[in-house]
Amino acid sequence: GAVVVSFTAGNLLKVIAEIKKCYPTCPHIIAGDDDRWKGKNIGRDKAEEAAYKFGCRVAFPKFINTDTKPTDWNDLQCLEGLDQVRSQLQEVLKEKTKAASLFPSGFFMRKDGLYVENGDDFQKVCSPLEVIACTRDENQENWGRLVRFKDLDDHLHEIAIPMEIMKGDCSDLCGLLLNQGLYISPKKSDRNKLAEFIQSVQVKKRALCTPRIGWHGNSFILP
């Protein structure tokens, strides 16, 4: 294996883009800094952004003792030895890569929400939102998306969204989700991006959406 260093977090995306271009079939691990002792954890934020964007594995050093406020892999090597560095990275290789390839180009998910590229920066679109299935009725009509998210009180919501409400200015879509507690950026351009994401994200699961209970083919729908 080889090690490539990006000396600044702001340059990480460009560095990984070049690596992926040169070695597209090789497994890649982003060994990020965990700047949790600082006001903003830039190291973790940028590493996670890059991992989702390029479908890489991402790892952060884990320390037994944090009295010295360690942050990076060099700190781990100095405190606990090279074998511990090797062991933690080997564990990451066993994990699945991020599901970024299923995301539309330019979108990625962080812990605090959905983001979209905006030039050299990233703009928050909404709080975390998962598209878990495509919905349709028994006649293969009235298509939609089943989405899942948590509101500000950490309550889980699952909503079947008809595709037809994503037309026009998307105000019906935003009204439905806002009413259920999803944070959505007030910028009109970001709201349009939300509709773009929901429509474009790739999902394999299918769900039957029906206005009545009872038998539908081989399935019995309960209220």
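This is a predicted model: local features need pLDDT of at least 70, side-chain atom pairs count only at pLDDT 80 or more; totals for chains, interfaces and linings use all residues.
Strand 8 has a partner in strand 7 (residues 144-150), and the two run antiparallel, joined by 7 bridges. Between the two strands, which form a hairpin, sit 5 residues. Asp154 is in that turn and has a positive phi of about 70°.

Next come two helices. Packed pairs of helices are described by the angle between their axes and the distance between the axes. For helix 5 (residues 171-179) and helix 6 (residues 188-200), the axes come within 10 Å and cross at roughly 85°, which means that helix 5 is roughly perpendicular to helix 6. On the helix 5 side, the contact is made by Leu173, Cys174, Leu177 and Leu178; on the helix 6 side, by Arg191, Leu194, Ala195 and Ile198. Sorted by class, that comes to 7 nonpolar residues, 1 charged residue and no polar ones.

Leu194 turns up again in the surroundings of Val125, a residue of strand 5, whose contacts beyond four places in sequence are Leu114, Tyr115, Val116, Tyr183, Ile184, Ser185, Asp190, Lys193 and Leu194. Val125 is buried, with a relative accessible area of 0%. Asn192 lies 67 residues from Val125 in sequence, yet the C-alpha atoms of the two are 9.2 Å apart in space.

Conventions: Residues are numbered from 1 along each chain as its sequence is written. Side-chain values use heavy atoms; hydrogens and water are left out. Helices (H or I, at least four residues) and strands (E, at least two) are DSSP runs, numbered from the N terminus. Buried means under 20% relative accessible area, exposed over 50%, partly exposed in between (1.4 Å probe, protein chains only). Contact means heavy atoms within 4.5 Å. Two strands pair if DSSP finds at least two bridges between them. Axes are lines fitted to C-alpha atoms, for helices over the stretch in contact, and angles run from 0 to 180 degrees between N-to-C directions. Angles under 35 degrees count as roughly parallel, over 145 as roughly antiparallel, 65 to 115 as roughly perpendicular and the rest as oblique. Ala, Val, Leu, Ile, Met, Phe, Trp, Tyr, Cys and Pro count as nonpolar, Asp, Glu, Lys and Arg as charged, and the others, Gly among them, as polar.
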